[in-house]
Amino acid sequence: MIPMITDSQRQEFADNGFFVLDEVFSLEDMNALATNIEAFQRRHEEDLIAKGGTEGISRAGEISFTAFLAEHDPTVREFCLRPEFVAITTQLLGPDTDLYWNQSVFKGPDGAKEFPWHQDDGYTPVEPSPYLTLWLALNDATLENGCISVIPGSHKRGLVPHLPSPIGLICHPLDDPDQGIQVPVKAGSLIAFTSLTFHKSGVNRTSGTRKAYVIQYSHAGLRNAKTGELLPDKIPVSRNGKAES
Ligand SMILES: O=C(O)CCC(=O)C(=O)O
């Protein structure tokens, strides 16, 4: 079903910096997408092992970030351009939108580490900011297998400094005493958050892999905030409120 963002969801997004769209996609859709993605993720995992186990923020067997899936696979690209995404992005961002970034994030079983608090803009600041992250659960994301946590309202702090750590950038200062709220979601659900919303994911204490596909959409014509350069080769999603493909 094509999601229509309600006034209360829009308000929640403005106030809290995130909201959940439950079960937008079917389990069949998620299994088919996961099968496509897994071919790339497996290759990335093999690559990580060949390189000694780590590259960037990916660690073999623990957590892998496999990017540029839509750019490499026509079926994944088609998925990112589905009417559901055209509807969500045009309602939240405006009539002209691009696919900015996409990556799967797989958390391996019996993990020991969380993925730390950060703002997506902390990795690569861009203009205009914020853009929109849609965190899609390929399988159920639970309290046990490392679902996302967010700090409601944290997007209002603007971009904060991020400190490097062995497991990823950590936003600073992080003074929220309650450590935010956990957001478990069923497969096929989306967590929509701004690129300034503080979020993290927990430890996967189960024997299965937690699988997510993170899709980030922006206003068309995104620029590197430091250099002012246009980010090249972004896939257009909508123009004048209509699907571009
Ligand atoms: O899915 C996860 O475990 C974390 C992903 C995340 O925070 C991100 O891609 O920005």
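I started with Trp-135: a side-chain N or O atom there is 2.9 Å from an oxygen atom of the ligand. I call that a polar contact, meaning a pair of N or O atoms within 3.5 Å. Arg-210 has a side-chain N or O atom 2.8 Å from a ligand oxygen, and for His-118 I got 3.0 Å from a polar side-chain atom to an oxygen of the ligand. Next I checked cover: the protein hides 97% of the 300 Å² of accessible area that the ligand has on its own (Shrake-Rupley method, 1.4 Å probe).

A note on the source: this is a predicted model, where local features need pLDDT of at least 70, side-chain atom pairs count only at pLDDT 80 or more, and totals for chains, interfaces and linings use all residues. Residues are numbered from 1 along each chain as its sequence is written, and side-chain values use heavy atoms, with hydrogens and water left out.

Then I listed the residues around the ligand (a heavy atom within 4 Å); among them are Gln-103, Phe-115, Asp-120 and His-199. By class, I found four nonpolar, four polar and three charged residues in this shell. Which element gives the largest share of the shell? I found that β5 does, with three residues (a strand is a DSSP run of E, at least two residues).

I found one cavity of 30 Å³ or more (on a 1 Å grid, points where a 1.4 Å probe fits but cannot get out). The largest cavity has a volume of about 50 Å³, and its lining includes Arg-59, Glu-62 and Lys-107.

How values were computed: A polar contact is a pair of N or O atoms within 3.5 Å; within protein, one must be able to donate a hydrogen and the other to accept it, and residues adjacent in sequence count only if both atoms are side-chain atoms. Helices (H or I, at least four residues) and strands (E, at least two) are DSSP runs, numbered from the N terminus. Ala, Val, Leu, Ile, Met, Phe, Trp, Tyr, Cys and Pro count as nonpolar, Asp, Glu, Lys and Arg as charged, and the others, Gly among them, as polar. On a 1 Å grid over the protein atoms alone, a cavity is a set of points where a 1.4 Å probe fits but cannot get out, and a pocket is an open set with protein on both sides within 12 Å along at least five of seven lines; lining residues have an atom within 4 Å of a point. Grid points are joined across faces, edges and corners, and a volume is the space filled by probe spheres set on the points.
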